[in-house]
Every structure is written in C-alpha cells, then in structure tokens.
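The sequence and the structure come first.

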Amino acid sequence: MTWSEMRPLLEQACWDTLYMVGWSTLIAVVGGLPLGILLVLTDRGGLLQNVLANRVVGQVVNIARSMPFIILMVALMGFTRWVTGSTIGREAAIVPLAIGAIPFFARLVETAVREVDHGLVEAVQAMGGNTWTVVRSVLVPESLPSLISSATTTVVALIGYSAMAGTVGAGGLGDIAIRYGYQRFETELMWITVAVLAVVISAIQFAGDYAARALHRRGGRSGPAPALRLLRARTEPTAPEATKV
C-alpha cells in the first residue's frame, strides 16, 4: 500500500479517534468530577459524612473499574443500541468509553481533592460558607492542577480503550491497525499507526503537564488563594501574640 492510499485512511482514523475520545472525556469529567467529590464529602470526617452512602458509592466505582473494557463493551451492547440505535461506529463506541472512564476519573478526583489543605476548608466554614461554597471556592480551585493531570491520564487511557473499541467496528486508529495491519498483513501501515498513536499521546501528555504546571505556578498547590491566605493571616496569631502568656 502506497502513502497516497494510507494518508486518507490515517486522517479519517485520527479524526474518529479524537472524536470518540473527546466526547468520552467530556462525559467522564461531567460524571466523574461530582462523583469523586461526593466520595470525599461523604467519607468519615467529611462535610456530608455518610459512611453507608460512601461505601455503596465506593463499591459501585470499584466494581465498574475492575471490569475489563472489552467485556464492558459487550455487556453494554443493549444499552448502547438503545442510546445510539447501533452497536457499531464511533457514536456507539462513546457509550462504553464514557461509562468506563467515569469511575476511573472519579477515583483520580477523589485522590486530588483529599490533598487539599483542610485548614482552608475550616477557614471558609468560619466565614459562614456552606458545603457548596467550600466545594466551589476551595476544593475545586485548590486541586485544579491535580485535576488537570487526572484528566490527562484519563484521556491517555481512553485512547487505549478506543483502540480496543476499533476491534469491534468502532473505527479509529485501532480499527486501521487490526483491519489492515493484522488481517491484511500491511505491516508498514500498522507500525505507522502505532507511531501516530505515540505522537498523539505524547502531545496530549505534554499539553496536560504544561497546563498543570502553569496552574501550579499561578496558585494551585503552591499556596492558598489570595483571599484565603488573607483570612488565615487574620485568624492566626502573630508571633508576638503567640508568645504571650
């Protein structure tokens, strides 16, 4: 197969992969972000402490994460057909991709949010802030660099999942590698596909790392937000006052 024959195949496959991964990531973030925050809030010592609810949600997330993606695709075929009207194609692949990524991203969100300084939460509560204010003003902004890194990890994982989805007719780079590289013995095209996947993943990882570092330098984990730093400075005793008996 010549390059002029490979090029349109690779271009369409790249677009299909980015389309599937883009929509799946969006759905995963919308579903996984609140789920991960809920796991933190309902845990012991959380603002919405509810051990039973935390264990139930945690077990559901664990079960969903433990299921291999290829099995998840087969198990969700009925639901996928109900949502998209088909089990083949890139739109159909988005359903299992998103459902598989939501619990994955939720656990990463949980880890990121747990690292936020609890003193900031107490400071906002001292100002009369409710749970929603704490989430909006402290938990999400302060964990944003880690959340960006978590989203980057999720995107990279989804690219791998989309390659597996290509084996069952979803399209994308995985479909090209299997259909042409393996079944038709076009070894050159298969290795080009592998190289394209490596370049795409490297570019996404670089962009995610750059964004996370930029947010970290602007605030993020390098310290509390200015308003919260001011509040803590006002509420904490100064050095002379602290030494008074």
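In this predicted model, Trp 82 has a relative accessibility of 70% and therefore counts as exposed, the cut-off for that class being over 50%. Trp 82 belongs to helix α4, which covers residues 77-84. Its C-alpha lies 9.9 Å from the C-alpha of Ala 92, a residue 10 positions away in sequence.

While Trp 82 counts as exposed, 36% of the 245 residues of the protein count as buried. The accessible surface amounts to about 13600 Å², and carbon and sulfur atoms account for 64% of that area. Of the contacts between residues at least 6 apart in sequence, 73% link residues that are at least 24 apart.

The largest pocket holds about 220 Å³ of space. It is lined by 14 residues, of which Val 40, Gly 45, Gly 46, His 118 and Val 121 are the closest to its centre. By class, this lining consists of 8 nonpolar, 3 polar and 3 charged residues. The elements that contribute two or more residues to the lining of the largest pocket are listed below with their residue ranges.

| Element lining the largest pocket | Residue range |
|---|---|
| Helix α1 | residues 3-41 |
| Helix α5 | residues 90-114 |
| Helix α6 | residues 118-126 |
| Helix α7 | residues 131-142 |

Conventions. Residues numbered from 1 in each chain as written. Predicted model: local features only at pLDDT ≥ 70, side-chain atom pairs only at ≥ 80, totals over all residues. Heavy atoms only, no water. Buried < 20%, exposed > 50% of the residue type's maximum accessible area, 1.4 Å probe, protein only. Contact = heavy atoms within 4.5 Å. Areas by Shrake-Rupley, 256 points an atom, 1.4 Å probe, with all protein chains shown as cover. Helix = DSSP H or I, 4+ residues; strand = E, 2+ residues; numbered from the N terminus. 1 Å grid on protein atoms, 1.4 Å probe; cavity = no way out; pocket = protein on both sides within 12 Å on 5 of 7 lines; lining within 4 Å. Points joined across faces, edges and corners; volume = space filled by probe spheres on them. Nonpolar A, V, L, I, M, F, W, Y, C, P; charged D, E, K, R; others polar.
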